Amino acid sequence: MLTRNLIFTVLCFLLLATGNLQAGGDSARGLELSESCVDCHGDDGKGDEDTVGIAGLDAAKHFDLLKGYKSGEIVDEDEMMFDYVEELSEQDMADLAAYYATLDGG
Ligand code: HEC
């Protein structure tokens, strides 16, 4: 019985921890990481005629998009994104998503 309770507690903790990871991106760290994104998406994240804007994207949506590129679930037709998300950890992606959510999408 005790073991079961312990496993349950650990599972709950893990669920909470992953929830926090997504919700709790650190936008200051995201700003630093965004140095590798600005070449294409622009300093303000608004993109240009060649690249889609990412400023003001909802953080949860942005996080899912980045994860999608990394896992190959989203097929990146120009193969531009995969190279840049390949090395990112989930924390990196959460931080980037948090940062871009603070920008004005215009
Ligand atoms: C070499 C250019 C380039 C770099 C660098 C780059 N991107 Fe992209 N990104 C693109 C292009 C082009 C697209 C459009 C979709 C595609 O080709 O797959 C895109 C699409 C996206 C999308 C999907 C937007 C949507 O609404 O569907 C997100 C989110 C994104 N990029 C975030 C980032 C982040 C965060 C970084 C930095 C880690 C980054 N990108 C670096 C070129 C780039």
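Hi everyone, and thanks for coming. One thing to keep in mind: what we have here is a predicted model.

Let's start at the metal. Which residues coordinate the iron atom of the ligand? They are His-41, through NE2, and Met-81, through SD, at 1.9 to 2.0 Å. There are six donor atoms around that iron, and the angles they subtend run from 87 to 179 degrees, so the arrangement is octahedral. For six octahedral donors, the ideal angles are 90 or 180 degrees.

Now, where do those two residues sit in the fold? His-41 belongs to helix H3, residues 38-41, while Met-81 belongs to helix H5, residues 81-85, so the pair ties together parts that are 40 residues apart in sequence. Are they buried or exposed? Both His-41 and Met-81 are buried.

Let's step back to the surroundings of the ligand. The space the ligand takes up is the largest pocket. How many residues surround the ligand? There are 18, and the closest are Cys-37, Cys-40, His-41, Asp-76 and Met-81. If you colour the shell by helix, you will see that H3, H4 (59-71) and H5 each give at least two residues to it. Helix H4 makes the largest share, with four residues.

Asp-76 has a side-chain N or O atom 2.6 Å from an oxygen atom of the ligand. Asp-78 also places a polar side-chain atom 3.2 Å from a ligand oxygen.

The side chain of Ser-71 reaches the backbone nitrogen of Glu-73 at 3.2 Å. The C-alpha atom of Ser-71 is also 9.4 Å from that of Val-85, which is 14 residues away along the chain.

In the loop between H4 and H5 we find Glu-79. For background, most residues other than glycine have a negative phi. Glu-79 counts as exposed because its relative accessibility is 61%.

Asp-92 lies in helix H6, residues 90-102. With a relative accessibility of 11%, Asp-92 counts as buried. Which side chain does Asp-92 contact? Its partner is Arg-29, and the polar contact between the two side chains is 2.7 Å.

Asp-26 is in the loop between helix H1 (2-23) and helix H2 (27-33). This aspartate is partly exposed, because its relative accessible area is 38%. Along the chain, Asp-26 and Ala-94 are 68 residues apart, yet their C-alpha atoms are separated by 7.4 Å.

Key
Residues numbered from 1 in each chain as written. Predicted model: local features only at pLDDT ≥ 70, side-chain atom pairs only at ≥ 80, totals over all residues. Heavy atoms only, no water. Donors = N, O, S within 2.8 Å, 3.2 Å for Na, K, Ca; no water. Tetrahedral: all angles 85-135°; square planar, octahedral: opposite > 155°, others 65-115°. Buried < 20%, exposed > 50% of the residue type's maximum accessible area, 1.4 Å probe, protein only. Near = heavy atom within 4 Å. Polar contact = N/O pair within 3.5 Å; in protein donor to acceptor, adjacent residues only side chain to side chain. 1 Å grid on protein atoms, 1.4 Å probe; cavity = no way out; pocket = protein on both sides within 12 Å on 5 of 7 lines; lining within 4 Å. Sits in = over half its atoms within 2 Å of the grid points.
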